[in-house]
Amino acid sequence: MIPYTQSERKTLIRKFVQHHKAFILNNIWRTMEMLRYATPGFRTVFQNVPYLLQVNRPETKGYLQNDRPALGLYGFERSGFARIFRETYPDRSIREILVRRPAIQALLLIGSTGSIGHTQSSDLDYWVCVDQSTLSRADLDFLKNKLALVAEWAKHEHGVDVHFFLMTLDEIRNNVLGGLDEDSSGDVMPLLLKEEFYRTLLHVAGRMPLWWIVPLGTEKGDYDRLTEAVEQFETAGFHAPDFVDLGFPERPGPKEYLGAAMWQAHKALKDPFKAVLKMMIILEQVESRFQTPLLCDQVKEAVINATPDQLPVDPYLSTIRRVLAFARDDLELIRISAWYKMHHPFDPIRPAPDGPKARIMSELSREWGWKPDKVEDLFNYSRWPDRRKLALGEKIKALLLELYSRIAAKLRADFRDQVMIQDKSLAILNAEIMARFADHAIKVEDLPSEFHRLGLPGDFNLAQAYGSWRLYSSLRSESDYVYSADRISRVAAWLIHNRLWSPNLRIRLRPGPSAVKMGVLLALLDLLSQTFPPRDFSFERAGSLLARPMGPKVLVLNMEEAPGQTRLVSAEVIYRTNLGEMCHEVLAVEPGGEADKYTRLAETMARMDETGLDLVTIFTPPGRISHELESNLRTVFRHFRPERGPAGPSRTKLDTD
């Protein structure tokens, strides 16, 4: 290692101190903004988490029996949380809760916390950084279990979602940032996750990331040299142990950008507006052939150069401005996405008029040419007609598919050899995305996003009109329906698939020409809910990359026929695929005698799935021959052999009809 000269050390120390001060000031401003908009429960959780990780007492949340627990945050006694402790427990000394060797080197938040992207629905995503060289496996297990208990307390007592990501310093430096599941994309986009971490992090307690104080424009080689020599810079104004090396934010390659686009398309189901912004950032990099500066570098430069009146520098605002400077098409949809990332559509509380968030939103709306009535209309999203909400959702979903397609096409055109999907996780993720965005006749439609499911009420009206079944969440207008389908069984499947049905849901069946009774519909809904319980997509369970029927099926007979019907007139089958789709098919049963109809049904069902007919549940509306219909079909199923049809001349009571 080449030693630094005295002049170089002085210059670097001056920059370290300057950048450290700028970072801390911006961090304080962002923390104040987070607390300004936080709910009481959110504020309580944020202010108590560091203390709960500092102690392990029977009377505190997260307590675990352990004689030598791994506890403590580096520098807790110098943090703002020590002041909260002194104010809360004035008769206790801070010394009694300090530990000689703190287990946690840094506690950091990643994401929208402390930015204009923070809303009433935001959660807390903590990176809990530990030094693996000082902890045993038992220590790590203790910390993992304690973090789980603290997260459970936050959710159950305060309604706040908290995610703790326990990571070692070596893992973070080497970009080993977790596997692939619903909460983590670490092995799909580790370098982009590192970039987002540095761009959005909020320092809660412990050591500060060294990258944030090194000079602007520092390249990886210079950064590595600094990390090796940082102890040489110890002075009265710079205490080297207060900083920790978490690695350099390197530029990702083509394959990672493709994986990131897949991940955003997948996560769009929960937050499509955020996904649009992130997808646009990916597209900008891809279309520039990775020549555009990383956002974390731009945010860092803005923080360091900011004057007091320019604080705080908001990472989400930087993202929005960068996206809109790049965008050429679909500007209005992108602006709406940015707006609803700043203010959740169903948040009844508007930003405080005297606060920075309200000022920023007002400035942006003026820049975009939005009139006051349009802004008011966007704030009143919850009052929109259902068809209008769904129409916006479908436009956003179509935009996401277009962005994903553009990113994938550009990467495959420019970097074909580098983006071949050989990794199993990426291949399955791509298959799941294609299944979600697919549009074909038998697929039961998805709601555009979670926003639409959460915004629907606890009761519906169902009516047969205009040649179809229409589901209404209100009776304001005949044209304002939530869903429409040709068959009532498909409506039932839609309610189950989109997690809208529960025993507490009220459905009113309006009088009409149909013979379907309310009790029959409720019985079908109950059967479908038991057969197809809610589930999140599993990357491990998906298995095949091609959608195929998987698991149990419900065969619905004569659902909409007159109660006195004595023949098999209609058949529908409902099932799931391995990629999470819900499917509904109307099966042909005419013409022919009754035995021929049963045989054709058996052949059709047997072709669907290699598991055969054992997992088929038959549903028939109560009636004079409902039991006979099911009994006869079961007889055919029991004797059916796919390779040669029915075994023997098995006859049923209806053969002579």
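E1 and E6 pair in the antiparallel sense, with four bridges between them. The model is a predicted one.

**Exercise 1.** Which strands pair with E1, and which residues stand opposite Ile-104 and Ala-106?

*Solution.* 
1. Start with E6: this strand and E1 are antiparallel and joined over four bridges.
2. Within that pairing, Gly-206 of E6 is the bridge partner of Ala-106.
3. Turn to strand E2, residues 124-130, which also runs antiparallel to E1, over five bridges.
4. Here Val-130 in E2 lies opposite Ile-104.

**Exercise 2.** Decide how many residues of strand E1 are buried.

*Solution.* 
1. Take the range of the strand, residues 104-109.
2. Apply the cut-off: a residue is buried if its relative accessible area is under 20%.
3. Six of the six residues of E1 are buried, and the strand is mostly covered.

**Exercise 3.** Describe the second largest pocket by its volume, its lining and the elements that supply this lining.

*Solution.* 
1. The volume of the second largest pocket is about 690 Å³.
2. Its lining has 24 residues, and those closest to the centre are Asn-27, Ser-79, Gly-80, His-203 and Val-204.
3. At least two lining residues each come from helix H1 (6-37), helix H2 (40-54), helix H3 (80-88) and strand E6 (202-206).
4. H1 gives the largest share, seven residues.
5. By residue class, the lining holds 11 nonpolar, nine polar and four charged residues.

Definitions and conventions:
Residues are numbered from 1 along each chain as its sequence is written. This is a predicted model: local features need pLDDT of at least 70, side-chain atom pairs count only at pLDDT 80 or more; totals for chains, interfaces and linings use all residues. Side-chain values use heavy atoms; hydrogens and water are left out. On a 1 Å grid over the protein atoms alone, a cavity is a set of points where a 1.4 Å probe fits but cannot get out, and a pocket is an open set with protein on both sides within 12 Å along at least five of seven lines; lining residues have an atom within 4 Å of a point. Grid points are joined across faces, edges and corners, and a volume is the space filled by probe spheres set on the points. Ala, Val, Leu, Ile, Met, Phe, Trp, Tyr, Cys and Pro count as nonpolar, Asp, Glu, Lys and Arg as charged, and the others, Gly among them, as polar. Buried means under 20% relative accessible area, exposed over 50%, partly exposed in between (1.4 Å probe, protein chains only). Two strands pair if DSSP finds at least two bridges between them.
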